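Subject: Model handover

Hi,

Here is the model I promised to pass on.

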Amino acid sequence: MDEHEKFMRKAISLSIQNIERGGGPFGAVIVKDGRIVATGVNRVTAVNDPTAHAEISAIRKAAKKLGTFSLEGCTLYTSCEPCPMCLGAVYWAHFDRLFYANTKSDAKKIGFDDSFIYDEIELNPSERSIKTVRLLPEEAIRAFEFWNEKDDKIEY
């Protein structure tokens with residue numbers, strides 16, 4: 001059996017098991033050097049955390065287990081194309097590769113529609129559906145200046 005298919009089947013199996021346990025239909029597996037480092041399932045309703053998506057849950061576990069915020073050298077297998085939040089996390093985590101099974105269109109058909117988020121991202125902040133107001137930029141910029149001048153910062 002193809003190694004990639006084996007890990008994707010694990011992600012799909014996790015998604016089905018999670019449904020059976022009352023969760024959402026999403027599972028994720030993180031692999032490094034041919035071994036599973038972490039898995040995750042959608043726990044949004046189980047823990048009342050809107051960020052507890054399968055990918056985020058797996059990323060948190062993998063980072064903790066590996067002792068690093070960078071998951072370079074790792075591959076993510078997820079039962080569905082990542083939503084905008086999870087896709088951002090995939091990039092921030094520096095994965096080498098991403099494999100997914102269901103598409104965002106498939107997810108939309110069963111009520112998981114992220115298209116409004118993609119639409120909102122394209123808008124000017126003042127035009128978004130959540131009232132967005134810039135406040136105290138002159139004070140906030142000090143943190144960025146301090147960071148920029150810091151010699152011993154850990155860049156990510």
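Below is what I found, going from the whole chain down to single residues.

First, the ground rules. This is a predicted model, so local features need pLDDT of at least 70, side-chain atom pairs count only at pLDDT 80 or more, and totals for chains, interfaces and linings use all residues. Residues are numbered from 1 along each chain as its sequence is written, and side-chain values use heavy atoms, with hydrogens and water left out.

**The chain as a whole**

Along the principal axes, the C-alpha atoms fill a box of roughly 55 × 40 × 25 Å.

Of the 156 residues, 30% are buried. Here, buried means under 20% relative accessible area, exposed means over 50%, and partly exposed is in between, using a 1.4 Å probe and protein chains only.

If you count contacts (heavy atoms within 4.5 Å) with a separation of 6 or more, 48% of them come from residues 24 or more positions apart. On charges, there are 21 positive and 24 negative side chains, and the centres of the two sets lie 7 Å apart. Lys and Arg count as positive and Asp and Glu as negative, while His and the chain ends are not counted; each charge is placed at NZ of Lys, CZ of Arg, CG of Asp or CD of Glu.

**The sheet**

The four strands make an open sheet in the order β2-β1-β3-β4, with mixed pairing. Strands β2 (35-41) and β4 (97-102) are at the edges with a single partner strand each, so one side of each has no neighbour in the sheet. From one strand to the next, the twist averages 15 degrees. For angles, axes are lines fitted to C-alpha atoms (for helices, over the stretch in contact), and values run from 0 to 180 degrees between N-to-C directions.

Pairing here requires that DSSP finds at least two bridges between two strands. Going through the pairs:

- β1 and β2 run antiparallel, joined by six bridges, with Val29 partnered by Thr39 in β2.
- β1 and β3 are also paired in the antiparallel sense, over five bridges, and Val31 is opposite Thr75 in β3.
- β3 (residues 74-80) and β4 pair in the parallel sense over five bridges, with Leu76 opposite Leu98 in β4.

Helix α3 (residues 54-66) packs on this sheet, where it touches β1 (27-32), β2 and β3, and its direction makes about 140 degrees with that of β2. Five of the six residues of β1 are buried, so this strand is largely enclosed by the rest of the structure.

**Residues to click on**

Ser79 sits in strand β3 and is buried, at 2% relative accessibility. Beyond its neighbours within four places in sequence, Ser79 has contacts that include Met8, Ala11, Ile12, Phe26 and Ala101.

Lys65, in helix α3, is exposed, with a relative accessible area of 58%. Not counting residues up to four places away in sequence, Lys65 touches Ile36 and Val37.

In helix α4 (residues 84-93), the buried residues are Pro84, Cys86, Ala89, Val90 and Ala93. They pack against α3, β3 and α6.

**Positive phi values**

Which residue follows α4 with a positive phi? That is His94, with phi near 65 degrees.

Asp33 has a positive phi of about 55 degrees although it is not a glycine. Asp33 is in the turn of the β1-β2 hairpin, which has two residues between the strands, and counts as exposed at 70% relative accessibility.

Leu136 is another residue other than glycine with a positive phi, near 55 degrees. Leu136 lies in the loop between α6 (115-122) and α7 (137-149) and is partly exposed, at 44% relative accessibility.

Cheers
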